[in-house]
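Please open the model in the viewer and keep the selection tool at hand.

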Amino acid sequence: MDLNATLIGQTIAMIVFVWFCMKFVWPPLMGMIEERQIEIADGLAAADKGARSLELAEVEKTKMLDQARGQAREIIEQANTRAGGIVNEARTTADQERERILVSARAEVEQEVNRAREELRRQVAEIAVDGARKIIGREINAATHRDLLDNLAREI
Amino acid sequence: MASEGAKTSAEYIQHHLKNLQVCQDESGNWIWNHCSGNFWAINVDSMIFSVGLGLFLAWLFSRAAKKATTGRPGKMQAFIEIVIDFVNSSVKGTFHGTNALIAPLALTIVTWVFMMNLMDLIPVDWLPWIAHAAGVEYLKVVPSTDPNITFAMSISVFILILFYSFKNKGVGGFIVGELMMNPLNPKDLGVPKILWPLVCAFNFILESVALLAKPLSLSLRLFGNMYAGELMFILIALLFASFFAGVAGAVLGLGGIVLHMLWAIFHILIVTLQAYIFMMLTIVYLSQAHEAH
């Protein structure tokens, strides 16, 4: 077997064939491979992103919970303060009211006593006049004896 | 190579279709290339190229497996993943049993046969010329053009078919149920009992032929396709011989280049298709070995 044109012809044909493969067979194969690579890389990136956003959400959640807890505490405190204020206010108002009612009741009672005393006084004066008339046996003219009667009533 | 009339075209073709063989003669000496008729001869070139390609694939896959990452795959990993995905989906689509052997077997067959077929695209004189320079007289570089190789593969598959048939159907279920009661079922046909052996014998002959045709067709299909393809390349190579001997020779040579290229491009299809067919039929046969009728 000697080196001859057959080998050259085959080599040329092979070169052309390799060129053909590089031009038409290799690119779609590589395209498929690269597409798969990109797909996988994208998938991994998406998974990563998901994990990261989950982490972020977790942090956000904790923060929000803390905030809400703080707010709740504040609100409770405010409410407590407010309740204390209301109770105090009510107590003060009630005290004042009681005082007022007491004063007015006392005044009324005094008035009533005074009126009763006045009434009593007049009745006693009348009884005294009646008694005196019976004793004297004649009518005492109320007009003429006004001074007398008034004196009497004052003395009682 | 028909240069200087050293060889005629017929000799050139015959030379290319001869394996590098080694065997023992009557006196027990190891001899090269005079082994026709000796069953114990070994086709050294087929062995070297098929085993070499197998080792290359094993190395390639194990390297990819070791370097495999769950992150963004490299190009080699992505390619092998595509191949494995393809084989896996082929197996899943056809084979419905549970057998951990089928998918790796299919992967081995498709990649190995593909690589052996791919050797056909190397110009037919390159490696033989290098071998010749190294003092080796014959060299056939495409293992799948050697029926020994294709039969070895198909017989291995056949042994697996028999093994799984016996394993899944039992000796009785396989020999009686599958080989004797089909395709003419004497029970369904209402044949009197006394004639059953006759019907069963008839069935057995039919089914045995069908069974034996499986490995035979499997190997001969691959061998035939690749052998014919190789022969086409050799015939085209003859056109180059008179490249520098006048205008007619040059035209012939240029035509040879075009033909060689066209045939090589077409051969990409054949190479892939034959590997795929071998794999697919293996899966189908083993699937049948797992299924009851």
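A residue counts as partly exposed when its relative accessible area lies between the buried range, under 20%, and the exposed range, over 50%. A:Glu58, at 41% relative accessibility, is therefore partly exposed. Please note that the model is a predicted one.

**Stop 1: within chain A**

Select A:Glu58 together with A:Lys61; their side chains form a salt bridge, with 3.3 Å from N to O. The two residues are three apart in helix 1 of chain A, so about one helical turn separates them. A:Lys61 is likewise partly exposed, its relative accessible area being 45%.

**Stop 2: between the chains**

Next, display chain A and chain B together. The contact involves 29 residues from chain A and 38 residues from chain B. About 3,100 Å² is buried between chain A and chain B, and carbon and sulfur atoms give 74% of this area.

How many salt bridges are there between chain A and chain B? The count is three. On the side of chain A that touches chain B, the residues comprise 20 nonpolar, six polar and three charged.

Select B:Lys75 and A:Glu34, a salt bridge whose closest N and O atoms are 3.6 Å apart. This pair runs from helix 3 of chain B to helix 1 of chain A. B:Lys75 has a relative accessible area of 37% and is partly exposed; A:Glu34 is also partly exposed, at 35%.

The pair of B:Glu81 and A:Arg36 also crosses between chains, from helix 3 of chain B to helix 1 of chain A. Its closest N and O atoms are 2.9 Å apart.

**Stop 3: a buried serine**

Move to B:Ser46, which is found in helix 2 (residues 44-66) of chain B. Is B:Ser46 buried or exposed? With a relative accessible area of 1%, B:Ser46 is buried. Its side chain makes a polar contact of 2.6 Å with the side chain of B:Asp146.

**Stop 4: the nonpolar core**

Finally, select B:Phe278, B:Met279 and B:Ile283. Of the 63 residues in the largest nonpolar core, these touch the most other members. Helix 9 of chain B gives the most to this core, with 15 residues. Beyond its neighbours within four places in sequence, B:Met279 is in contact with residues including B:Phe86, B:Val87 and B:Ile109. Another core, of five residues, lies apart from this one; among its members are B:Met181 and B:Trp196.

Methods:
Residues numbered from 1 in each chain as written. Chains lettered and ligands numbered in written order. Predicted model: local features only at pLDDT ≥ 70, side-chain atom pairs only at ≥ 80, totals over all residues. Heavy atoms only, no water. Contact = heavy atoms within 4.5 Å. Buried area = accessible area lost by both parts, 1.4 Å probe. Salt bridge = Lys/Arg side-chain N within 4 Å of Asp/Glu carboxyl O. Nonpolar A, V, L, I, M, F, W, Y, C, P; charged D, E, K, R; others polar. Helix = DSSP H or I, 4+ residues; strand = E, 2+ residues; numbered from the N terminus. Buried < 20%, exposed > 50% of the residue type's maximum accessible area, 1.4 Å probe, protein only. Polar contact = N/O pair within 3.5 Å; in protein donor to acceptor, adjacent residues only side chain to side chain. Core = buried A, V, L, I, M, F, W, Y, C linked by side-chain atoms within 4.5 Å.
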